[in-house]
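Good morning, and thank you for making time on the agenda.

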Amino acid sequence: MIKAFLFDLDGVIVETAGFHYQAWRKMANDLGFDISEEFNETLKGVSRTESLERILKHGNITLGEAQKAQLASDKNNYYLQLVSQMTHKDILEGVEEFFAQIKQTDIKIGLGSVSKNAKMILDKVGLLDAFDVIIDGTKIEKGKPDPEVFSKGASELHLLASECIVFEDAVAGVEAGKRAGMKVIGIGKPDVLNEADWVIDGFKGMALETLISKLQ
Ligand code: BG6
Ligand code: MG
């Protein structure tokens, strides 16, 4: 019995994944190397500090804690500039229609994002009130692929993992959902999100009934 849908934010509800990539790429370029889109795929769903560690390792750069804190803060400030113009129109196609279908049922809507900017972004695009529970980067200790963000979502809704379905665009996020014991619908490419139970390319035209029947 499906009782909740837990949505990732970046790349599932809004297309901020490209802004994260742009901001990290600028930092890497300033440090003298580049990061490819393929490498960026390994950063999706990963926390800010862990992303920074992975990028520095990729560029063979060793820095002290203070320098790393500065870089993470600079990246976030640049990211905030990029997202500052976001509005309601930046919600990914089909998301609101899909939410409207869910609202006609008893199924709850939850957010499971490791981003510390999640609430601010939801507020900007006018979706803050759409969620029954919001688990973001300020509420968790471990980022994806750790299952904490989704397990916490289920427990705050007083539900079992088996009653929750996760929507994820990141390899690390799909792993987090599976490790939480939930079924996972990937948003993206089946060859990238090969651990997901089912992969779709987005919510445009998605009928809730079709989706539920696929999960039986
Ligand atoms: C995830 C993104 O949702 O949030 C990652 O997929 C990002 O790319 C992470 O690093 C942390 O986000 P923030 O906004 O706290 O830096
Ligand atoms: Mg994502």
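I shall speak about the aromatic residues, then the ligand site, and then several single residues. Please keep in mind throughout that this is a predicted model.

Let me begin with the aromatic side chains. How many aromatic pairs does the count give? The count comes to 11 aromatic pairs. One of them joins Phe 5 and Phe 7: the ring centres are 6.4 Å apart and the planes stand at 70 degrees, so this pair is edge-to-face, the angle being over 60 degrees. Phe 5 has a relative accessibility of 0% and therefore counts as buried. Phe 7 is buried as well, with a relative accessible area of 0%.

Phe 7 also pairs with Phe 203. Here the ring centres lie 5.9 Å apart and the planes are at 55 degrees, so the pair is classed as tilted. This pair links distant parts of the chain. Phe 7 belongs to strand E1, residues 4-7, whereas Phe 203 is in the loop between strand E6 (198-200) and helix H9 (208-215), and the two are 196 residues apart. Is Phe 203 buried or exposed? At 4% relative accessibility, Phe 203 counts as buried.

These residues are part of a wider group. One aromatic cluster is formed by Phe 5, Phe 7, Phe 98, Phe 99, Phe 131, Phe 167 and Phe 203.

The charged end of Lys 26 sits over the ring of Tyr 78, at 5.4 Å from the ring centre.

I now turn to the ligand. Which residues are closest to ligand 1? Of the 14 residues that surround ligand 1, the closest are Asp 10, Arg 48, Ser 115, Lys 116 and Asn 117. By class, the shell consists of 3 nonpolar, 7 polar and 4 charged residues.

A polar backbone atom of Val 46 is 2.8 Å from an oxygen atom of ligand 1. A polar backbone atom of Lys 116 is 2.7 Å from an oxygen atom of the ligand. Asn 117 contributes a polar side-chain atom, which lies 2.7 Å from an oxygen atom of ligand 1. How much of the ligand does the protein bury? Ligand 1 taken alone exposes 390 Å², and the protein buries 96% of that.

Ser 115 is found in the loop between strand E2 (108-112) and helix H6 (118-125). Its relative accessible area is 7%, so Ser 115 is buried. The side chain of Ser 115 also reaches the backbone nitrogen of Ala 118, at 3.5 Å.

Next, some points of backbone geometry. Where is there a cis peptide bond? The bond from Lys 144 to Pro 145 is cis, with omega near 15 degrees. Pro 145 is placed in the loop between strand E3 (133-135) and helix H7 (148-156).

Two residues other than glycine have a positive phi. For Asn 60 the value is about 55 degrees, and Asn 60 lies in the loop between helix H3 (48-58) and H4. With a relative accessibility of 71%, Asn 60 counts as exposed. For His 158, phi is near 60 degrees. His 158 is found in the loop between H7 and strand E4 (164-168), and at a relative accessible area of 71% this histidine is exposed.

How far apart are Asn 76 and Gln 216? They are separated by 140 residues in sequence and by 41 Å in space, from C-alpha to C-alpha. Leu 82 is also placed in helix H4. Leu 82 has a relative accessible area of 18% and is buried, because the limit for that class is under 20%. From Leu 82 to Glu 209 the separation is 127 residues in sequence and 36 Å between the C-alpha atoms.

Definitions and conventions
Residues numbered from 1 in each chain as written. Chains lettered and ligands numbered in written order. Predicted model: local features only at pLDDT ≥ 70, side-chain atom pairs only at ≥ 80, totals over all residues. Heavy atoms only, no water. Phe/Tyr/Trp six-rings, centres within 6.5 Å; stacked < 30°, edge-to-face > 60°. Buried < 20%, exposed > 50% of the residue type's maximum accessible area, 1.4 Å probe, protein only. Helix = DSSP H or I, 4+ residues; strand = E, 2+ residues; numbered from the N terminus. Lys NZ or Arg CZ within 6 Å of the ring centre and 35° of its normal. Near = heavy atom within 4 Å. Polar contact = N/O pair within 3.5 Å; in protein donor to acceptor, adjacent residues only side chain to side chain. Areas by Shrake-Rupley, 256 points an atom, 1.4 Å probe, with all protein chains shown as cover. Nonpolar A, V, L, I, M, F, W, Y, C, P; charged D, E, K, R; others polar.
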